[in-house]
Amino acid sequence: AYVTNRTWVFESKVHGARGIALEMAKFFGARGVSLLLDMGCMFVGVDLLHMKDKVMKVFASVLIVIANYIFSKLFVFRGKPAEHKDGRL
């Protein structure tokens, strides 16, 4: 997913081992937050509100796809100009 998002979705221009490592760390961190959001949605929807689990999973999945795009756009692949040139911060 990282390579696909980096290459085709957001067309990242970050170069250098340090810049790419930082970008990857942010990407995987954002996906970890998405996992927690998914688990929270399922807990609230199924355990607390007693909704059907499949209905809640569809809702949570749509929410997670949107959240992943927003996290990637605003946090992961926004890169600073210095990162685009030589990978330094």
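Me: Buried means under 20% relative accessible area, exposed over 50%, and partly exposed in between (1.4 Å probe, protein chains only). Which residues of helix α3 are buried?

Reply: This is a predicted model, in which local features need pLDDT of at least 70, side-chain atom pairs count only at pLDDT 80 or more, and totals for chains, interfaces and linings use all residues. Residues are numbered from 1 along each chain as its sequence is written, and side-chain values use heavy atoms, with hydrogens and water left out. Helices (H or I, at least four residues) and strands (E, at least two) are DSSP runs, numbered from the N terminus. Helix α3 covers residues 53–76, and its buried residues are M56, A60, I64, A67, N68, S72 and V76.

Me: How many helices and strands are in the chain?

Reply: From the N terminus on, the elements of the chain run α-α-α-α. The totals for the chain are 4 helices and 0 strands.

Me: What share of the residues in the chain is buried?

Reply: The chain has 89 residues. The share of them that is buried is 29%.

Me: Against which element do the buried residues of α3 pack?

Reply: Contact means heavy atoms within 4.5 Å. Packing partners are judged by such contacts. The buried residues of α3 pack against the helix of residues 17–48, α2.

Me: How are α2 and α3 oriented to each other?

Reply: Axes are lines fitted to C-alpha atoms, for helices over the stretch in contact, and angles run from 0 to 180 degrees between N-to-C directions. The axes of α2 and α3 lie 9 Å apart, at an angle of about 155 degrees. Angles under 35 degrees count as roughly parallel, over 145 as roughly antiparallel, 65 to 115 as roughly perpendicular and the rest as oblique. The two helices, α2 and α3, are therefore roughly antiparallel.

Me: How do the residues of the contact of α2 with α3 divide?

Reply: Ala, Val, Leu, Ile, Met, Phe, Trp, Tyr, Cys and Pro count as nonpolar, Asp, Glu, Lys and Arg as charged, and the others, Gly among them, as polar. In the contact of α2 with α3, the residues divide into 15 nonpolar, 4 polar and 6 charged.

Me: What is the separation of the C-alpha atoms of N68 and F27?

Reply: N68 is found in helix α3 and is buried, with a relative accessible area of 15%. Neighbours within four places in sequence aside, N68 is in contact with A30, R31 and S34. N68 and F27 are 41 residues apart along the chain, yet their C-alpha atoms are separated by 9.2 Å.

Me: Within what arc do the buried residues of α1 fall?

Reply: The buried residues of helix α1 (residues 2–9) are Y2, N5 and R6. The arc is that of the directions from the helix axis to the C-beta atoms. Seen down the axis of α1, these residues line one face of the helix, because they fall within an arc of 95 degrees.

Me: Which residues are exposed on the other side of α1?

Reply: The buried residues of α1 pack against α2. On the other side of α1, the exposed residues are V3 and W8.
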